[in-house]
Amino acid sequence: MRRWFRRREKGREGSQEDVSPLEAEAKAEAEPEFPSAAAPQILEPPETLTSEETPEAPEEEVAKEADEAQRQGLFRRLKERLSRTRDTLAGGLDRLLAGRKEVDAALLMELEELLITADLGVDTTLFLLQRLQERLKRRELGEVARLKAALKEEMVALTKGPPALKITSRPWVVLLVGVNGVGKTTTIAKLAHQDREQGLTPLLIAADTFRAAAVEQLEIWGERVGASVIKQKSGTDPAAVVFDGLAAALSRGVDTVYIDTAGRLHTKVNLMEELKKIHRTAGKKLPGAPHETLLILDATTGQNALSQARLFQEAVEVSGIIITKLDGTAKGGMALAVAHETGIPLRYIGVGEALEDLRPFDPETFVAAILG
Ligand SMILES: Nc1nc2c(ncn2[C@@H]2O[C@H](COP(=O)(O)OP(=O)(O)OP(=O)(O)O)[C@@H](O)[C@H]2O)c(=O)[nH]1
Ligand SMILES: [Mg+2]
């Protein structure tokens with residue numbers, strides 16, 4: 001909306017600078033170096049500009065077209081990034097349907113195999129198959145072409161969850177959890193980058209005190225995105241770092257706070273206890289915090305991500321999931337399984353290592369990109 005408004009304003013400025021026909025002629029005479037026969041035609045102002053009642057509609061249309069072009073560009077890139085999953089799913093389905101005239105039980109059995117290959121997991125695959133079999137019984141899948149459309153509809157329906165939470169208090173505190181190497185620190189940088197783009201002030205808290213390099217990594221990202229980092233020396237109790245970090249957030253009046261946590265401690269039990277303590281401490285310093293606890297899952301781990309989700313859910317109340325590294329895997333179907341089987345809203349997907357490579361998860365767009 002804001003972009004559209006800016007473009008409209010720019011359009012207006014542009015039309016104010018347009019030369020009148022008389023000025024144009026004078027300009028043409030003053031520029032004898034281009035005496036070509038085509039010159040008068042070029043200088044003649046287009047009719048729309050000389051008209052007294054320049055309608056606004058064309059400008060709005062241009063802005064809409066530009067937005068549409070941008071949307072399509074983003075979608076094309078998403079499709080490219082998800083191409084390995086797309087090759088498995090969309091490519092596999094096309095091969096399956098080639099030469100077939102009608103959908104029958106045997107075809108659905110083959111589809112089952114394909115969905116498992118794309119890492120949708122047994123439970124989600126069987127759920128989808130059951131929905132398709134019901135449609136088949138209702139004679140809704142007569143033609144082969146209907147099968148793809150029906151599968152897309154059922155996949156989108158799988159992932160419909162509550163809408164993304166909005167920032168309703170300041171500072172808005174987000175705790176990021178997940179096993180080591182899934183992309184927690186990188187995702188914090190991407191989220192902080194998005195905030196900066198929207199004119200918000202993020203603050204990063206380095207609560208992964210287990211590895212000295214973890215703090216440094218967060219500092220480098222902080223510098224890159226223009227966000228302050230609150231840290232203490234390696235080995236400090238992470239809950240204490242969070243307590244001090246939130247005190248700093250309150251005194252500085254920042255908009256958002258991202259807490260980076262360790263992915264590995266001596267034992268899993270240690271890690272879960274540490275996360276619980278961080279969670280409790282945040283709430284003590286700032287009632288209601290953390291406002292979001294985001295679980296980061298790595299797409300390349302496929303179905304294993306589901307057991308990670310169960311593990312973390314037992315320790316802290318996970319309010320949203322981010323799936324990273326969907327760009328490098330054919331296992332992208334796992335995103336649908338995770339969204340369906342955990343019941344936790346999938347908020348974002350990571351499709352690359354750059355700051356811009358975090359996209360809000362939209363079921364329709366995602367399904368169209370892997371199967372459309
Ligand atoms: N291709 C790709 N790589 C990603 C994505 N997100 C993160 N990575 C990479 O994954 C690696 C690990 O990322 P980190 O952010 O360090 O992961 P972490 O969860 O903080 O790891 P620990 O601190 O060890 O627990 C880095 O090389 C990132 O660049 C993504 O969406 N796509
Ligand atoms: Mg990290």
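Modeller: Happy to! A word on naming before we start: helices (H or I, at least four residues) and strands (E, at least two) are DSSP runs, numbered from the N terminus. This is a predicted model, where local features need pLDDT of at least 70 and side-chain atom pairs count only at pLDDT 80 or more, while totals for chains, interfaces and linings use all residues. Residues are numbered from 1 along each chain as its sequence is written, chains are lettered from A and ligands numbered from 1 in the order in which they are written, and side-chain values use heavy atoms, with hydrogens and water left out.

Colleague: Great. Where is P171?

Modeller: P171 sits in the loop between α9 (144-158) and β1 (172-177).

Colleague: On to the ligand. How many residues surround ligand 1?

Modeller: There are 19 around ligand 1, and the closest are K184, T185, T186, D327 and E353. A residue counts as near if one of its heavy atoms lies within 4 Å. Helix α10 (residues 184-197) gives the largest share of this shell, 4 residues.

Colleague: What's the make-up of that shell?

Modeller: It divides into 2 nonpolar, 10 polar and 7 charged residues. Here Ala, Val, Leu, Ile, Met, Phe, Trp, Tyr, Cys and Pro are nonpolar, Asp, Glu, Lys and Arg are charged, and the others, Gly among them, are polar.

Colleague: Which distance separates a polar side-chain atom of E353 from an oxygen atom of ligand 1?

Modeller: That distance is 2.6 Å. For K184, an N or O atom in the side chain is 2.7 Å from an oxygen atom of ligand 1.

Colleague: Now phi. Is D119 buried or exposed?

Modeller: D119 counts as buried because its relative accessibility is 12%; buried means under 20% relative accessible area, exposed over 50%, and partly exposed in between (1.4 Å probe, protein chains only). D119 has a positive phi of about 65° although it is not a glycine, and it lies in the loop between α7 (105-117) and α8.

Colleague: What is phi for K325?

Modeller: It is near 60°, a positive value in a residue other than glycine. K325 is in the loop between β6 (320-324) and α15 (334-342), and it counts as partly exposed, at 32% relative accessibility.

Key: A polar contact is a pair of N or O atoms within 3.5 Å; within protein, one must be able to donate a hydrogen and the other to accept it, and residues adjacent in sequence count only if both atoms are side-chain atoms.
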